[in-house]
Amino acid sequence: QQKSSLQRDLNILNGQISRAKLIIKQHQLEIERLGGDIQKKTGTIVQLTDKIEKDRTSLAELLRKRRDAEEVTVVELLLENDSLANLTNTAATYQYLKDAIHKAFAEMRATKSDTEEAKVVLEDRQQAEIDARQAIETERRLIEKKEADKKQLLAITKNQEVNYKNL
């Protein structure tokens, strides 16, 4: 009866060790998935950062054009434009510049917001990866302890078997 109790204990330890190994495998797969997500998010952040830089360059050019347009006085406008149609075109160009600047600012704000959001998601993914790695280490320590318990139980069993044979 003691032998069956020891065998049952060994089976329980083996089951716990197997379960811990499966948990480790699950965490390793999660880390691989998170690694892929992290690479994608990093790529997205790089693209968004590049877009922000392009938007800044475009915005700077639009602001220069607007400044140049604002430096022209009404008298200069009237003298430069020999017809009412040309004056209307100049006004339309000025309005276009104003609208383009407004649109560029809005796009830049949206891109910055998207970038910040992607960074937060990236940080979350990185933290999840760290958590998964810590869980693996916890499970590995558990396995080591269970393996030690198993060896100790086997040693006790062998010792008792030897004692029994000596009787």
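This briefing walks through the helices, cores and charged pairs of the structure above. It is a predicted model, in which local features need pLDDT of at least 70, side-chain atom pairs count only at pLDDT 80 or more, and totals for chains, interfaces and linings use all residues. Residues are numbered from 1 along each chain as its sequence is written, and side-chain values use heavy atoms, with hydrogens and water left out.

**Overall layout**
- The protein has three helices and zero strands, where helices (H or I, at least four residues) and strands (E, at least two) are DSSP runs numbered from the N terminus.
- Of the 167 residues, 20% are buried; buried means under 20% relative accessible area, exposed over 50%, and partly exposed in between (1.4 Å probe, protein chains only).
- Among contacts (heavy atoms within 4.5 Å) with a separation of 6 or more, 94% join residues 24 or more positions apart.

**Nonpolar cores**
- A nonpolar core here is a set of buried Ala, Val, Leu, Ile, Met, Phe, Trp, Tyr and Cys residues joined through side-chain atoms within 4.5 Å.
- The largest one has eight residues, including Ile 52, Leu 62, Leu 97 and Ala 100.
- Helices H1 (2-71) and H3 each give two or more residues to this core, and H3 supplies the largest share, five residues.
- Leu 59 is in contact with Ile 101, Ala 104, Phe 105 and Met 108, leaving aside neighbours within four places in sequence.
- Another core, of seven residues, lies apart from it and has Ala 20, Ile 24, Ile 136 and Ile 143 among its members.

**Salt bridges**
- The count comes to eleven salt bridges, each a side-chain nitrogen of Lys or Arg within 4 Å of a carboxyl oxygen of Asp or Glu.
- Arg 33 pairs with Asp 37, with the closest N and O atoms 3.2 Å apart; the two are four residues apart in helix H1, so about one helical turn separates them.
- Asp 37 counts as buried at 19% relative accessibility, whereas Arg 33 is partly exposed at 48%.
- Asp 37 also meets Arg 125 in a salt bridge (3.2 Å, N to O); because Arg 125 lies in H3 and Asp 37 in H1, this pair ties together parts 88 residues apart in sequence.
- Arg 133 and Glu 129 form a salt bridge too (3.1 Å, N to O); here Glu 129 is buried at 17%.
- Through shared partners, Arg 33, Asp 37 and Arg 125 join into one network.

**A buried lysine to look at**
- Lys 146, in helix H3 (residues 84-166), is buried yet has no salt bridge, and the nearest side chain of opposite charge, Asp 149, is 4.9 Å away.
- Not counting residues up to four places away in sequence, Lys 146 touches Leu 13, Gln 16 and Ile 17.

Methods
Lys and Arg count as positive and Asp and Glu as negative; His and the chain ends are not counted.
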